[in-house]
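I am opening a notebook on this structure. I will write down each thing I look up, in the order I look it up.

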Amino acid sequence: MARTDIGKLSLILLFAPFALWIALLIILPQLGIGYISLREKVGPGEYTFGFANYIAFLSEPIYWNTLLRTAWMSILVTAMALAVGFPVAYYIAKIARRRARAALFLMCLIPLWVSDLVRAFGWIVILRETGLVSTFLQKIGLVGGPVELLYNDATVVMGLVYTVVLFMIVPLVSTLDGMDNSLIEAGYNLGGSRFTVFRRIVVPYAMPGIVAGCIIVFMLTAGSYLTPILLGGKNSMWFTEQIYEQFVTRYNWESGATFGVLLLVFTSFVVWLGLRLTGQSLASTVAKD
Amino acid sequence: MKTTFALAATTALALFMAGNAAQAETLRLLTWGGYAPDNVIKLFEEANPDITVEVTLSNNEEMVAKLRATGGAGYDLAQPSHDRIFAAQQEYNIYKPLDLSKIETANLAPNLLDGVKANATIDGALYAVPHQWGTSGIVADISKAPNVKGWGDLCNPEYKGRTSMRLRRTILLGTAFSLGKDPFALYGDKAAYQTMLDEVTEKLIACKDNVKTYWNGGDDLSTLLLSGEVVVSEAWDSTAFKLYGQNKNLVYVPPETGALAWIDTFVIPRKGEADDAAYKWINFVMKPEIVKLMSDSTGAIAAVSNGIDLLPDDKQAAVKAAFDEQDLTNLKFFANIPAGLEDMEGKALERIKAATSN
């Protein structure tokens with residue numbers, strides 16, 4: 001009897017920090033945001049409840065276009081991060097010698113020691129019209145005059161891939177690391193080509209890492225604020241910027257909260273859709289034991 | 001972005017200090033970059049050894065948003081512009097009425113004090129006093145763009161890809177003036193104001209191609225102009241005067257339709273906890289010897305009778321190069337924003353930002 005009580009107590013104690021974290025820092029603020037999003041402003045200090053904020057979102061093409069654009073570009077960034085990150089992760093986990101592995105992994109992590117803001121400013125210094133790249137291209141005579149490489153969508157996508165690619169590499173390395181090399185050898189012995197081995201053995205094995213990496217990267221990109229705004233300049237339209245504008249510039253918390261809820265719902269929907277379309281489920285990948 | 005960083009740093013510092021400095025009184029100041037220079041804080045703390053000053057840097061929108069979030073708590077003195085008092089107080093009740101008898105009003109420029117009184121009195125109670133004023137207009141590199149006259153030149157194809165502006169309400173108002181409208185006169189008539197905004201939006205969307213990028217803060221603007229990437233830009237005069245000190249070709253041009261003038265004020269947040277310290281700070285920074293240090297840091301003109309004479313020499317030269325007597329009489333002071341208008345302007349700005357260009 002006493003024994004099970006102690007067991008229960010330690011379970012509760014162990015569980016408490018996690019439960020408090022989830023309840024106070026995630027569920028409670030989300031409930032607050034949801035509550036504000038349902039509040040309609042009728043006059044100074046007067047409110048009623050209803051779905052007017054959501055209707056306003058749907059009836060204004062600028063808002064949902066921005067949301068779709070954000071989602072679309074985030075998907076593109078995720079795909080590019082996977083394309084860039086997979087070979088790197090494969091090299092670190094399977095090809096590099098054991099001693100070099102830690103060093104390579106560490107090198108991937110080093111950029112994380114610098115803040116997002118500083119990294120974005122780094123890109124600005126390199127890519128601006130009077131920046132390093134433009135000056136270099138002029139010096140070697142490739143271009144006649146200064147070129148502006150900032151303030152367009154390609155730069156935003158590149159900057160985002162750079163910021164998030166690590167979050168793709170880390171889960172991939174840890175899954176690929178657990179793969180037995182004899183699986184690959186067996187594939188070759190059975191007459192598989194390089195491509196077949198990659199498609200039938202490596203990718204299925206790495207799937208938990210791929211799914212985890214894609215979800216993290218997609219969510220981070222869709223919710224990022226600094227990189228799209230600093231690198232995108234006059235044409236940057238990112239949904240988080242809309243949320244900031246509503247909350248701070250326009251004092252419109254109701255519609256800002258609505259946008260927040262919609263961003264959460266929509267990105268969750270995209271993740272669900274991605275899992276469905278690729279025939280994966282969270283249970284068979286991320287949560288696989 | 002720099003503001004955000006400074007903000008984070010000061011907040012961290014404030015949290016750290018809150019534990020240590022419990023016995024002395026703290027004056028928590030919410031203000032603009034440059035409005036609480038270190039040397040002035042040092043002199044103030046020497047004169048009032050029992051007061052410690054903590055500074056948070058911000059801008060108009062963020063100041064109101066922060067105070068609204070706490071119902072006016074967390075700061076003891078804030079400095080929004082004079083057109084951000086009336087509606088914000090009416091709607092969110094975030095400021096405390098001021099006691100004019102505690103302020104040495106004799107130092108203040110009577111016209112500015114009256115202007116702020118007219119804008120910031122609600123039910124007979126006064127909520128703000130002026131601190132510094134300045135204007136928004138155009139800065140141009142006269143070696144490359146010698147003929148710049150007004151807001152319309154930002155959209156002049158002659159400077160394609162070489163102009164910049166800040167996508168906020170100022171540029172909407174400036175463009176409206178350049179199209180021959182008077183937005184302040186239309187403040188009372190929402191339908192007419194919307195028609196005017198539509199016209200302005202159209203103009204600015206067509207102009208987007210001409211603009212290199214939109215700037216967000218003084219630092220962005222300075223880099224764009226000093227590097228020569230931009231030759232004509234909307235600008236705060238204070239930033240322009242600083243640039244003039246570094247490159248004599250960068251001259252502030254008050255638009256021919258009149259530079260738009262703002263007054264940054266002092267307000268006491270509703271739940272401020274150090275009113276006496278706040279009044280002490282107000283009176284302290286309005287002393288002539290302190291005004292000089294302050295103006296050196298902000299580049300703006302203090303709201304005292306001889307404000308321009310108290311500017312440091314280089315800035316005085318810049319002001320004299322920019323303004324003549326007629327420009328000064330032609331100033332257009334921002335009028336109080338009636339409720340609802342800011343929402344219409346916000347939509348217009350979103351439309352401009354979302355429009356595609358090359």
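Predicted model: local features only at pLDDT ≥ 70, side-chain atom pairs only at ≥ 80, totals over all residues.

**Entry 1**

I found 21 residues of domain 1 of chain B in contact with 20 residues of domain 2 of chain B. Which helices supply the domain 1 side? I noted α1 (2-20), α4 (86-92), α5 (110-120) and α12 (313-322) of chain B, each with at least two residues. Of the elements on that side, α12(B) gives the most, with six residues. I then sorted the residues of the domain 1 side by class. They divide into nine nonpolar, seven polar and five charged.

I also checked where the domains run. Domain 1 of chain B takes in 2-133 + 262-325. Domain 2 of chain B takes in 136-260 + 332-354. I read 26 Å between the C-alpha centres of the two.

**Entry 2: chain B as a whole**

I turned to the secondary structure of chain B. It comes to 14 helices and 15 strands. Why can I call chain B as compact as a globular protein of its length? Its radius of gyration is 20 Å, close to the 21 Å that the globule rule gives for 358 residues, so the description holds. Along its principal axes, the C-alpha trace of chain B spans about 60 × 45 × 40 Å.

I looked up burial next. Buried residues make up 46% of the 358 residues in chain B. I then took the contacts in chain B with a separation of 6 or more. Residues 24 or more positions apart account for 78% of these.

**Entry 3: a sheet in chain B**

I picked out one sheet in chain B. Three strands form this open sheet, in the order β2-β1-β3 (chain B). Is the pairing parallel or antiparallel? I found it parallel. The edge strands are β2 (51-57) and β3 (77-78) of chain B, and each pairs on one side only.

Strand β1 (residues 25-31) of chain B pairs with β3(B) over two bridges, in the parallel sense. I looked for the bridge partner of L30(B) in β3(B) and found A78(B). As a reminder to myself, strands of a sheet pair through backbone hydrogen bonds.

**Entry 4: a glycine in a loop**

I stopped at G272(B). This residue is found in the loop between β13 (268-269) and α10 (275-285) of chain B. Is G272(B) buried or exposed? I counted 23 other C-beta atoms within 10 Å, so G272(B) is buried; the cut-off is 20 or more.

I listed its contacts, leaving aside neighbours within four places in sequence. G272(B) is in contact with Y75(B), D76(B), L77(B), K96(B) and A278(B). I also looked at L341(B), 69 residues from G272(B) along the chain. Their C-alpha atoms are separated by 29 Å.

**Entry 5: where chain B meets chain A**

I went on to the interface between the chains. 25 residues of chain B are in contact with 19 residues of chain A. On the chain B side, α3 (60-70), α4, β9 (211-214) and α14 (341-354) of chain B each supply at least two residues. Which element of chain B gives the most to this side? I found α14(B), with seven residues. By class, the side of chain B that touches chain A divides into eight nonpolar, six polar and eleven charged residues.

**Entry 6: chain A**

I finished with chain A. I counted twelve helices and two strands there. From the N terminus on, the elements run α-β-β-α-α-α-α-α-α-α-α-α-α-α. Its C-alpha atoms fill a box of roughly 85 × 75 × 35 Å along the principal axes. Buried residues make up 30% of the 289 residues in chain A. For contacts in chain A with a separation of 6 or more, residues 24 or more positions apart account for 70%.

Chain A is divided into domain 1 (1-37) and domain 2 (52-277). I read 32 Å between their centres, taken over C-alpha atoms. The contact takes four residues from domain 1 of chain A and seven residues from domain 2 of chain A. The domain 1 side of this contact has two nonpolar, two polar and no charged residues.

Last, I checked confidence. Chain A averages a pLDDT of 89, and 97% of the residues score at least 70. Confidence in chain A is lowest in strand β1 (residues 39-43) of chain A, at a mean of 81. It is highest in helix α3 (residues 61-95) of chain A, at 94.

Key
Residues numbered from 1 in each chain as written. Chains lettered and ligands numbered in written order. Domains from an automatic or database assignment. Contact = placed C-beta atoms within 7 Å. Helix = DSSP H or I, 4+ residues; strand = E, 2+ residues; numbered from the N terminus. Nonpolar A, V, L, I, M, F, W, Y, C, P; charged D, E, K, R; others polar. Rg over C-alpha atoms; globule rule 2.2 N^0.38 Å. Buried ≥ 20, exposed ≤ 12 C-beta atoms within 10 Å, placed from the backbone. pLDDT = per-residue confidence, 0-100. Pairing = 2+ DSSP bridges.
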